[in-house]
Amino acid sequence: MAFVLKTFGRLHLIDENGSAVAFPEKGLLLFAYLFTTDQGAADRTTLAHFLWGEADRDVALSTLRKVISRIKARQIDLGVNILSSQGNMLTLDRGSLSSDILLSDKEEEVEPFSRLRQLVKLMNQPFLGPVHSHSRQFQRWLAERENYHVELLANTLRTASRLAQSREESELLRKAAVILFRTEPKDPETLQLLIRIFNAEEEVESVRNYFEQRRNSSLRGIAVRTGSDDGDVKSLRPPSAPSKAKLEAALPLEPEDVRIAIPRLVLLPPRNQSVRPQAGFLAASLVEDITIGFCVFNSLEVIAPYSAVQIGHHVETQKAFFERHRVNYILDTRISSTGDEVTLFAQLIFFDQNQIVWAERFSLDRMDLARDRRVVARQIALSVSGEIERHEALREDLNPVAYHRYLVGRRHLARLTLPNLRRARKEMKAALSVSPDFAPALSSMARTYSKEWLLTARGDIDLLQLAETFAKQATEMRSDFADGYRELGVAKLLQGAFDQSAEAMEVAESLAPHYADVIADYADTLVHCSLPAMALRKIERAIELNPLSPDTYFWTAAGANYALGEFEASLDYIGQMADPNLADRLSAASWAMLGHQDKARIFVRRFREGNPDFDVDKWLSAVPSKEQWHKDLYREGLKKAGF
């Protein structure tokens, strides 16, 4: 009887009739691992470390013996001998078991389009699906396999792209290119290949339409991915596909190796040389709003406002910051007043050559703010890359009064207190009374309600339902507005709707792929969805875009590492927080899991000083976590710490 091990989508065993066969999951994971080893064999110690790590060798070996016993018993039931043991070695009989696992044995002998069709079908699903292990060896093996899959797809795609003739073959290339871009959105070679496949120089509109279709599919979310033959991709950031000519003109070419990098822009907060503090207040909001607007462009990376403000206050370290974080363009702004008129002077500096490429002065009269916001954004975009103009996202005719109230209200959201939330809500209501369809004000209203739910900790479901209502209205008014989907994701998460939260966050990121705060909130959602490895990749990307990160970024990274069993890494991230006291519970749990009870109790005592009535089980019941193992791991650490 021939059996097949399926590793893409969901790890399971299939019999000769195509039916799923019940089998121990650890056994299937061992089969998958042995398929990738020389001779299909490994010793018991290696396999024990692979499944359970190196925490306790004797316990791991004992558990492995029990798993092997269950595997052999199940094999007897099925009348097959897939796994055999001899002494300390375990061997896989590849004659009794085949698999869809991607190996390189006869790669060059397969016709490229047949190979590509197989890769598209398989890689449109997650490798091993929801299977998870805290073992570092497993995580390393998984990363190696995924990297191999990407390399195999890229090589096959390059070969096939030179041979395509029919419309069907061209469509297959596009589907494969979408999957490759999803896995390597920042790789310059991937971008070059994507440009060539989509013929971006002549078919820019076709590219935009194609990725718009793919983006719409992300509305169905990333939590469940099916292996449909049509290659539909449900998780995608839609790229703007700048032309190769434009990209090559923007950067010097290296001999025999054209490396295309996405330009980086930082918009520094304005220096206030005016005697009117209110002008500085509004100008700072204006520059921050322009910064966030730029986050929708795939052909431009923008340093997040938080980092821009931090570096803006430290002139002596700016040059080193710009060099270290590869900043190409700087928008320097300052406010000045002449008589009764207050103006904002802006100049765009090409940092690589210390060259001023554009400068302009704008009135800060509130009736001109909306108009000048679009002018500034458009001028900067045109100076950085001609292609950005086509994707200009700041064209809508804003009501200047509504925009003014919105800017005032958003400043109150910078520091989250109940009085500030209510002040912000008042301003947003005023903006909406003038312009009821103003999506930024609608999403900000949603934020005030979700943050009030967190601050009051009363479990008032009405607040979350209001947050969800306003967020949905924002997305209905502007289907391309990332903040609306972001706030919808937050509201859904706090209500325990994990899959819907992840779907909304995926759409938000696809709309604003360089918006650090959106990516960070997405990472936090993934932590609560019990997907810590994905969460860690997201939060590391957010930190890259927002190098002087707020504490919430590091806290999210620490939580993801804890869930992965990387307790030392969790403590490292907590140590980078400006106020690490916020994460005292997580610090205590991490030290306890590392066996340092003395250090753990220091954080327990400090936390209990401010929270004497804290109860672990009551608190965990209120914390949204999709998988029980996730809560159990946190409970174990907190209990060991002494809570």
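**Salt bridges in the predicted model**

K538 is buried, and E509 is buried as well. In this predicted model, the two residues are joined by a salt bridge in which the closest N and O atoms lie 2.7 Å apart. K538 belongs to helix 21 (residues 532-545) and E509 to helix 19 (residues 498-511), so the pair ties together parts that are 29 residues apart in sequence.

The structure holds 17 salt bridges. Side chains of opposite charge can pair when their charged atoms come close. Two further pairs each fall within a single helix, as follows. E636 forms a salt bridge with K640, with 3.1 Å between the closest N and O atoms. Both residues are part of helix 27 (residues 628-641), where a spacing of four residues separates E636 from K640 by about one helical turn. E636 is partly exposed, at 35% relative accessibility, and K640 is likewise partly exposed, at 38%.

A salt bridge also connects the side chains of R74 and D77, with an N to O distance of 3.9 Å. These residues stand three positions apart in helix 3 (residues 57-78), and about one helical turn therefore separates R74 from D77. The relative accessible area of R74 is 23%, which means that R74 is partly exposed. D77, in contrast, counts as exposed because its relative accessibility is 58%, and the cut-off for that class is over 50%.

Salt bridges also occur as a network, which links R422, R425 and E452.

Terms used. Residues are numbered from 1 along each chain as its sequence is written. This is a predicted model: local features need pLDDT of at least 70, side-chain atom pairs count only at pLDDT 80 or more; totals for chains, interfaces and linings use all residues. Side-chain values use heavy atoms; hydrogens and water are left out. A salt bridge is a side-chain nitrogen of Lys or Arg within 4 Å of a carboxyl oxygen of Asp or Glu. Helices (H or I, at least four residues) and strands (E, at least two) are DSSP runs, numbered from the N terminus. Buried means under 20% relative accessible area, exposed over 50%, partly exposed in between (1.4 Å probe, protein chains only).
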